[in-house]
Amino acid sequence: MRKTLDEVAAEAAIRDLQRLYCRGVDRLDWDMVRSTFHDDADLDYGFMRGGPDEFVAMAREGLLTYSGTTHFIGNQLVEVAPDGLSAWAEHYVVAWHRCPADADGPERDFVCWFRYADRNECRDGDWRISARVLLVDRWRVDPVGEAGEGPTTRRGARGGDDLSFAIRA
């Protein structure tokens, strides 16, 4: 199946949205996360349904319960509609959520395999997510063992203290 350059460009822009979204969540960069959605987007995460501002407010608070997260993007299927202004996308993701030791137990990782099923729209030349449904395929909780010294002295951090922000600037 041959694709036009416009279709390839649209697919790249939509895949970039998912990469920005995941980076924003992991680095607690809420402006980045918010920028991936149209203002009137309809988001259904199962435990939360609403618009992008409601999602960001919920995520900003909820993700602080973890000492860190890492979202790894796998398969990404993007199908651009014939009009070239809308598309369906499915993004496979594995996410690790580090849970600190608390009353529920010692330090552990909550690992989740899920998919985002998205409707994307291009408005005024700008691709963003207009609807999203989170589909959870499976999850598990893993104990965290002693890791010891790592291979680097530069550890990642959440938020603006992460070295990637300085290099990006």
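The model is predicted: local features need pLDDT of at least 70, side-chain atom pairs count only at pLDDT 80 or more, and totals for chains, interfaces and linings use all residues. Residues are numbered from 1 along each chain as its sequence is written, and side-chain values use heavy atoms, without hydrogens or water.

**Sheet**
- 6 strands form an open, mixed sheet in the order β2-β1-β6-β5-β4-β3.
- Strands are DSSP runs (E, at least two residues), as are helices (H or I, at least four), numbered from the N terminus.
- Two strands pair if DSSP finds at least two bridges between them.
- β2 and β3 are the edge strands, each pairing on one side only.

**Core**
- The largest nonpolar core has 31 residues.
- Such a core is a set of buried Ala, Val, Leu, Ile, Met, Phe, Trp, Tyr and Cys residues joined through side-chain atoms within 4.5 Å.
- Buried means under 20% relative accessible area, exposed over 50%, and partly exposed in between (1.4 Å probe, protein chains only).
- α1 (5–27) gives the largest share of this core, 6 residues.

**Helix α3 (52–62)**
- Its buried residues are Pro 52, Phe 55, Val 56 and Ala 59.
- They fall within an arc of 95° seen down the axis of α3, so they line one face of the helix.
- The arc is that of the directions from the helix axis to the C-beta atoms.
- On the other side of α3, Asp 53 and Glu 61 are exposed.
- The buried residues of α3 pack against α1, α2, β1 and β2; contact means heavy atoms within 4.5 Å.
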